[in-house]
Amino acid sequence: MYRKIELVLLILLLIGLAAVSRHLEKQTLSEKVDTKEKVVVVDCGHGGDDPGKVGINDVLEKDINLQIGKRVKKKLEKKGYEVIMTREKDETLAEKSSSNKKIQDMKARVAMINETAPSIAISIHQNSYQGESVHGAQIFYYSHSTDGEEAAKIMQEAFLSADPDNTRQAKANDTYYLLKRTEVPTIIVECGFLSNRKEAELLAGEEYQKKVAKAIVSGVEKYLSSKTIGK
Ligand SMILES: [Zn+2]
C-alpha cells in the first residue's frame, strides 16, 4: 500500500519538475528576445580636430571617451543589446569643408540618435576644472525629461561600483545641445576629472576603464529593466 502511494507521489513530483523547467525555459527565452529589441546609442564625445579636455597628464578626452565607449559596446553586445556608436574612430562627424565644425558635429550626433530611436543614449565625456582637488563621476540629464532624470540617477548610483567614495549627484541641465535636441532619454556621463592627477591616471588605465564600463552597463541594464517593469 505504502509503495503505491510513494510511486504516485514520485510521478506527481516528476510531472511538477517538468512543468517548472518548461516554464523557466520559456522565461529565459522571452528575456533574451526582450533584450535583443533594446537598442542603445553610445556617443563618444569629441574626436578628430576636437580633442575635448586635455588632461593634467596630457591624455586627451577624445581618446579616453572612445576607449571607454568601445568597452561599453562590447559588454552590452555580449548581453544581447544592439549598440550603435556615433563614432568608432578618432574623427569628427562634421564635413571637412564645414565653416562651423563643432555645431555640425553636434547636429550629426543628434540626428543619428533621433533616427536610431534607441531606448537610451549614453554620451561619454571627461570633465575638467581649474583646481586639482575636484574629482568624481557626474551624470547630467535634461531638466525637462523625467526618463532622463531617472536614468541619470540610476547611472550615478551605478558609478559607486567604480568609485565608492564619490559623493556627486546627478545634475539637471537645460542648455546642453545634445540633451535639448534628442528625442529619447539621453544622459551625459562625465566619467571623471582629467584635471585631477590621480583620476586622470586612473581614467587612462585599462583597469579603471573596465570598472567604468561595467558601471555604465549596469546602469543601462537597471534603467531599462525599470522601464520594462513599468510597462
Ligand atoms: Zn567633453
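## Salt bridges and cores

In this predicted model, the count of salt bridges comes to 12.

**A buried pair and its network**

- The side chains of aspartate 43 and arginine 109 form a salt bridge, and their closest N and O atoms are 2.7 Å apart.
- This pair links distant parts of the chain, with aspartate 43 in strand β1 (residues 39–44) and arginine 109 in helix α3 (residues 101–116), 66 residues apart.
- Aspartate 43 and arginine 109 are both buried.
- Salt bridges that share partners also bring in Asp105, so that Asp43, Asp105 and Arg109 belong to one network.

**A pair between helix α2 and a loop**

- Lysine 73 and glutamate 88 meet through their side chains in a salt bridge, at 3.9 Å from N to O.
- Here too, distant parts of the chain are linked: lysine 73 sits in helix α2 (residues 61–78), while glutamate 88 lies in the loop between β2 (82–85) and α3, 15 residues apart.
- Why does lysine 73 count as buried? Its relative accessible area is 18%, and the cut-off for buried is under 20%.
- Glutamate 88 has a relative accessible area of 45%, so it is partly exposed.

**A pair between two helices**

- Glutamate 150 and lysine 227 form a salt bridge, with 3.2 Å between the closest N and O atoms.
- The two partners are 77 residues apart and link distant parts of the chain, glutamate 150 being in helix α4 (residues 146–158) and lysine 227 in helix α7 (residues 206–230).
- Glutamate 150 counts as partly exposed because its relative accessibility is 29%.
- Lysine 227 also counts as partly exposed, at 24% relative accessibility.

**The nonpolar cores**

- Which residues have the most contacts inside the largest nonpolar core? They are Ile122, Phe159, Ile187 and Ile216, in a core of 40 residues.
- Helix α7 supplies the largest share of this core, with nine residues.
- Leaving aside residues up to four places away in sequence, isoleucine 187 touches a list of residues that includes Ile120, Ala121, Ile122, Ile139, Phe140, Tyr141, Met155 and Leu179.
- Among the other residues that isoleucine 187 touches are Ser123, Gly148, Ala151 and Ala152.
- There is also a second, separate core of 11 residues, and among its members are Met106, Ile113, Ala121 and Leu178.

Methods:
Residues are numbered from 1 along each chain as its sequence is written. This is a predicted model: local features need pLDDT of at least 70, side-chain atom pairs count only at pLDDT 80 or more; totals for chains, interfaces and linings use all residues. Side-chain values use heavy atoms; hydrogens and water are left out. A salt bridge is a side-chain nitrogen of Lys or Arg within 4 Å of a carboxyl oxygen of Asp or Glu. Helices (H or I, at least four residues) and strands (E, at least two) are DSSP runs, numbered from the N terminus. Buried means under 20% relative accessible area, exposed over 50%, partly exposed in between (1.4 Å probe, protein chains only). A nonpolar core is a set of buried Ala, Val, Leu, Ile, Met, Phe, Trp, Tyr and Cys residues joined through side-chain atoms within 4.5 Å. Contact means heavy atoms within 4.5 Å.
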